[in-house]
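This briefing sets out the architecture of the model shown below.

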Amino acid sequence: MKGIIGIIIVLILGVLIFSSLRLEYGNSVGITAEMYIEKGVSETGAVNLVTSILADYRVYDTLGETIILFIAILGVSMVLKGDKK
Amino acid sequence: MSSRIIETATNIMMPFMILFGIYIIINGHLTPGGGFQGGVILGSCALLLYIVFGIKKQAKKLSILENMGALIFLFVGILGIIFGGFLFSNFIAKGTPGTTLSGGTISIINIAIGLKVATGFALLFFIVLQYIERRD
């Protein structure tokens, strides 16, 4: 039984790897990526395109990450600060 | 866990580590990095200080600083409604790209996130290490 599962996993991984070899990278897909690359510097003034996406175009995502960190610290302090013995 | 070697190495390295973290935060819109990365570097500086020199009671100040970071972030967003028309609009003048004073609100947001992440991680390490010390 374990051998059959192993063979199936190896087959699936092989199909995935050999199909990913045929993908083409470096070509832009869609209007949004083109827009970021062309207008990113002039619209935000930041040279670092990743930061201009993280802190300007997709700043709601950063807000969510901040809230996640806040809730994580809240949970840790609630769980671990509880007992004072 | 403190020996003379570790204390001396920490004393020598600590200013450079803190300076590197601040550099990563301030130059977030020019070079790779940003608020999260520099904040994590500063937070691990705090972890090194806790491990080498022991824990002191500063958790309340740290949580105040963390809340200040989050509030600055949200305040910039709300100022964007007033001056730019929508939440988190980039309302400050952009400046010439490539200089430190460019990017409008991006650097302010980076500094706020850096403050929040640094103090948040310091607080997290503080709570966990205090818990481990209390259990032993």
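Helices (H or I, at least four residues) and strands (E, at least two) are DSSP runs, numbered from the N terminus. With that numbering, B:Phe88 is placed in the loop between α3 and α4 of chain B. This is a predicted model, in which local features need pLDDT of at least 70 and side-chain atom pairs count only at pLDDT 80 or more, while totals for chains, interfaces and linings use all residues. Residues are numbered from 1 along each chain as its sequence is written, and chains are lettered from A and ligands numbered from 1 in the order in which they are written.

**Chain B overall**

- Chain B contains four helices and zero strands, arranged along the sequence in the pattern α-α-α-α.
- The C-alpha trace of chain B spans about 55 × 30 × 15 Å along its principal axes.
- Chain B has 136 residues, of which 35% count as buried; a residue is buried if 20 or more other C-beta atoms, placed from the backbone, lie within 10 Å of its own, exposed if 12 or fewer, and partly exposed in between.
- Of the contacts in chain B between residues at least 6 apart in sequence, 68% join residues at least 24 apart; two residues are in contact if their C-beta atoms, placed from the backbone, lie within 7 Å.

**The interface between chains A and B**

- The interface brings 21 residues of chain A into contact with 29 residues of chain B.
- On the side of chain A that touches chain B, α2, α3 and α4 of chain A each supply at least two residues, and α4(A) has the largest share, with nine residues.
- By class, this side of chain A has eleven nonpolar, eight polar and two charged residues. Here Ala, Val, Leu, Ile, Met, Phe, Trp, Tyr, Cys and Pro count as nonpolar, Asp, Glu, Lys and Arg as charged, and the others, Gly among them, as polar.
- A:Leu69, in helix α4 of chain A, counts as buried because it has 20 C-beta neighbours inside 10 Å.
- Apart from neighbours within four places in sequence, A:Leu69 is in contact with B:Val117 and B:Gly120.

- Helix α3 of chain A covers residues 49-57, and its buried residues are A:Thr51, A:Ser52, A:Leu54, A:Ala55 and A:Asp56.
- The cover over these buried residues includes α2 (30-44) and α4 (59-80) of chain A, together with α4 (105-135) of chain B.
- The axes of α2(A) and α3(A) are 10 Å apart, and the two helices pack at an angle of about 70 degrees; α2(A) is therefore roughly perpendicular to α3(A).
- Axes are lines fitted to C-alpha atoms, for helices over the stretch in contact, and angles run from 0 to 180 degrees between N-to-C directions. Angles under 35 degrees count as roughly parallel, over 145 as roughly antiparallel, 65 to 115 as roughly perpendicular and the rest as oblique.
- The axes of α3(A) and α4(B) come within 10 Å and cross at roughly 85 degrees, so these helices are also roughly perpendicular to each other.
- In this second pairing, A:Thr51, A:Ser52, A:Ala55 and A:Asp56 of α3(A) meet B:Ile106, B:Ile109 and B:Asn110 of α4(B).
- The contact of α3(A) with α4(B) comprises three nonpolar, three polar and one charged residues.

**Nonpolar core**

- The largest nonpolar core has 30 residues, and B:Ile109, B:Ala112 and B:Ile113 are among those with the most contacts inside it. Such a core is a set of buried Ala, Val, Leu, Ile, Met, Phe, Trp, Tyr and Cys residues joined through C-beta atoms within 7 Å.
- At least two residues of this core come from each of α3 and α4 of chain A and α1 (4-26), α2 (35-53), α3 (59-84) and α4 of chain B.
- α4(B) gives the most to this core, with 13 residues.

**Individual features**

- B:Phe88 is buried, as 24 other C-beta atoms lie within 10 Å.
- Phi of B:Phe88 is near 60 degrees, a positive value in a residue other than glycine. Most residues other than glycine have a negative phi.
- B:Ile51, found in helix α2 of chain B, is partly exposed, with 15 other C-beta atoms within 10 Å.
- The C-alpha atoms of B:Ile51 and B:Thr100 are separated by 35 Å, with the two residues 49 residues apart along the chain.
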